[in-house]
Amino acid sequence: MPLDRSAHADDPRLGLTLSGGGAFGAAHVGVLQVLEERGIRPGIVTGTSSGALVGSAYAAGLDGAAIEAIARRFRWSRIAAWSFQPRWGLLDTRVVAEAVRRLHGEDPRIEDLPRRFGAVATDLRTRQAVVIDHGPLSAALRATIAVPGLLPPVRLGGRLLADGGMVDNVPHFAARKLGAERVIVVHLHAKWENVRMMRSTTKLSELIADPSVVLVQPEMERMAQWSMRDVRRLIAEGRRAATAALDDHAGSDHRGVRISH
C-alpha cells in the first residue's frame, strides 16, 4: 500500500480515531510515533476519553516525542481534583482548563488548532454520541472524560455531556463527519470488549472489512488501566501494533487501501 511520505503537508482526507481506555491511552503515543516515522500525517483526528486527550495534543501540533514526555509525567491530578460538591461526581475536572493553559499557553479554540479535531462525548438526555469540534478545548476535554459517578458531566451547547465511551468507544464516524475519506482506527483492549463503560456502535468485523480503514489493535493484557505504572510498556505496545497493521496493509494493495493523498 502506498504511504504518504510527505515531510510537510498533512493529508486533509486522512483521519485518525483514538479510542478511550484510561491509562491504556498511552498506547496511542506509540501509534503516533510510528505514523510520524513513516511520514503518515492525518489531517483529521478524533477520539473519546483518553483518546481525545492524546488526540488533542496531536491536533495542536505536538510531535510524538513531546506527547511521550507528557504521558510519562502524567498524573490523574492533572485532570481532576476532589470535588466539594459531589452531587454529580466525586472529582472535579475544572483543573483541566489549567492543564490546557500550561501546555498551550492558552485555552485554544478547537477550530483554531493546526489539525481538525473532534472530541466525542455522550448526550445524557438522548444517549447519542456528540462530536465537539468547536469552542474552548478544555470544555470539550472535560466533557469527553466525564465518567458518570466519578467525573461530573459538562453543560455545553444546551446539552449535558459525559464520556463518549458510554455509547461509542471507537468513534470513527466522527472522523468521517469531519471529512475523512480514509481512517486509521486505534482500538484499545481488542480482546475484551465488554469492559465496563466501553461500548462501540461499530462491529470490529465491519472495520476489518472496510477497505478505507486501517485498524490498529494494541493488546492491553496484564497492563494497568487506572494507574500510570505501565506507560512505557503501553507506548511500546502501541508501536508494535501500529507497525504490524501498517506492514499488513502495505502488503495488501489488492484491497485498494491507500493512506496517501
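Guide: In this predicted model, helices H1 and H2 cross in a right-handed manner. Their axes come within 9 Å, and the crossing angle is roughly 30 degrees.

Visitor: Which residues make the contact between H1 and H2?

Guide: H1 contributes His28, Val29 and Leu32, while H2 contributes Gly51, Val54 and Tyr58. For orientation, H1 covers residues 27–37, and H2 covers 50–59.

Visitor: Is tyrosine 58 buried or exposed?

Guide: Tyrosine 58, which belongs to helix H2, counts as buried because its relative accessibility is 9%, and the cut-off for buried is under 20%.

Visitor: What does tyrosine 58 touch?

Guide: Leaving out residues up to four places away in sequence, tyrosine 58 touches Leu16, Leu32, Ile40, Arg41, Pro42, Val45, Ile67 and Arg115. One of these, arginine 115, lies over the face of the tyrosine 58 ring, at 3.9 Å from the ring centre.

Visitor: How many aromatic pairs does the structure hold?

Guide: The number of aromatic pairs is 0.

Visitor: What does isoleucine 67 contact?

Guide: Isoleucine 67 is in contact with Val29, Leu32, Val54, Ala57, Tyr58 and Leu62, leaving aside its neighbours within four places in sequence. Val29 and Leu32 of H1, and Val54 and Tyr58 of H2, also take part in the contact between those two helices.

Visitor: Now the nonpolar core. Which members of the largest one touch the most other members?

Guide: They are Leu16, Ile67, Phe117, Ile132, Ile184 and Val216, in a core of 58 residues. Helix H8, residues 231–250, gives the most to this core, with 7 residues. There is also a second, separate core of 10 residues, which includes Ala175, Val183, Val185 and Leu207.

Visitor: How much of the protein is buried?

Guide: Buried residues make up 57% of the 261 residues. The protein has 8 helices and 10 strands. Of the contacts with a separation of 6 or more, 75% join residues 24 or more positions apart.

Visitor: Let us turn to the strands. Where is glycine 118?

Guide: Glycine 118 is in strand S5, residues 116–123. This glycine is buried, with a relative accessible area of 0%. Beyond residues up to four places away in sequence, glycine 118 touches Val45, Thr46, Gly47, Val131, Ile132, Asp133 and Leu178.

Visitor: How far is glycine 118 from threonine 48?

Guide: Their C-alpha atoms are separated by 8.7 Å, although the two residues are 70 residues apart along the chain.

Visitor: What about the backbone? Which phi angle does serine 49 have?

Guide: Serine 49 has a positive phi of about 55 degrees, although it is not a glycine. Most residues other than glycine have a negative phi. Serine 49 is found in the loop between strand S2 (42–47) and helix H2, and it is buried, with a relative accessible area of 8%.

Visitor: And arginine 222, what is its phi?

Guide: Arginine 222 also is not a glycine, and its phi is positive, at about 65 degrees. Arginine 222 is found in the loop between strand S10 (213–216) and H8. With 68% relative accessibility, arginine 222 counts as exposed, whereas serine 49 is buried.

Visitor: Is methionine 220 buried or exposed?

Guide: Methionine 220 is placed in the loop between S10 and H8, and it counts as buried, at 0% relative accessibility. From methionine 220 to aspartate 230 the C-alpha distance is 10.0 Å, and the two are 10 residues apart in sequence.

Technical notes: Residues are numbered from 1 along each chain as its sequence is written. This is a predicted model: local features need pLDDT of at least 70, side-chain atom pairs count only at pLDDT 80 or more; totals for chains, interfaces and linings use all residues. Side-chain values use heavy atoms; hydrogens and water are left out. Rings of Phe, Tyr and Trp (its six-membered ring) pair if their centres lie within 6.5 Å; planes under 30 degrees apart count as stacked, over 60 as edge-to-face and the rest as tilted. A charge sits over a ring if NZ of Lys or CZ of Arg is within 6 Å of the ring centre and within 35 degrees of the ring normal. A nonpolar core is a set of buried Ala, Val, Leu, Ile, Met, Phe, Trp, Tyr and Cys residues joined through side-chain atoms within 4.5 Å. Buried means under 20% relative accessible area, exposed over 50%, partly exposed in between (1.4 Å probe, protein chains only). Helices (H or I, at least four residues) and strands (E, at least two) are DSSP runs, numbered from the N terminus. Contact means heavy atoms within 4.5 Å. Axes are lines fitted to C-alpha atoms, for helices over the stretch in contact, and angles run from 0 to 180 degrees between N-to-C directions. A crossing is left-handed if the near helix is turned anticlockwise from the far one by less than a right angle, and right-handed if clockwise.
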